[in-house]
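Hi,

Here is the structure I said I'd pass along. Have a look below, and my notes on the core and the aromatic residues follow.

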Amino acid sequence: MNSPRQASENSQIKGRAFSRSLYVVKDIKKGEVITEDNVRSIRPGYGGHPKFLKGWIGKRSTRIYKKGDRFLGE
């Protein structure tokens, strides 16, 4: 039988698929400026949390990102 904590953790894991997170939607070169055109908040929720997007907009990328990569921040 599952403990209440374990049941809660299981539901959180399942819920990640329906939550939003940050993904690269256009290739980003090293040194390119991060914009809302190349990183977006979409489902599933396995990338960086969307609340951090505004802090990364306007910063330069420190590495190469390909379309479809999870964006976890710089």
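**Core and aromatics**

The largest nonpolar core has nine residues: Leu22, Val24, Ile28, Ile34, Val39, Leu53, Trp56, Tyr65 and Phe71. Strand 1 (21-24) and helix 2 (53-56) are the elements that give two or more residues to this core. Bear in mind that this is a predicted model.

Leaving out residues up to four places away in sequence, Ile28 touches Asn38, Val39, Ser61, Arg63, Ile64 and Tyr65.

Now the rings. Searching the whole structure turns up three aromatic pairs. In one of them, Trp56 and Phe71 have ring centres 5.3 Å apart and planes at 80 degrees, so that pair is edge-to-face. Trp56 sits in helix 2 and Phe71 in the segment after helix 2, so the pair ties together parts that are 15 residues apart in sequence. Both Trp56 and Phe71 are buried.

Phe71 also pairs with Tyr65: here the centres are 5.2 Å apart and the planes at 50 degrees, so this pair is tilted. As for burial, Phe71 has 0% relative accessibility, and Tyr65 is buried too, with a relative accessible area of 2%.

What lies over the face of Tyr65? That would be Arg63, at 4.1 Å from the ring centre. Arg63 is also among the residues that Ile28 touches.

Cheers

Conventions. Residues numbered from 1 in each chain as written. Predicted model: local features only at pLDDT ≥ 70, side-chain atom pairs only at ≥ 80, totals over all residues. Heavy atoms only, no water. Core = buried A, V, L, I, M, F, W, Y, C linked by side-chain atoms within 4.5 Å. Buried < 20%, exposed > 50% of the residue type's maximum accessible area, 1.4 Å probe, protein only. Helix = DSSP H or I, 4+ residues; strand = E, 2+ residues; numbered from the N terminus. Contact = heavy atoms within 4.5 Å. Phe/Tyr/Trp six-rings, centres within 6.5 Å; stacked < 30°, edge-to-face > 60°. Lys NZ or Arg CZ within 6 Å of the ring centre and 35° of its normal.
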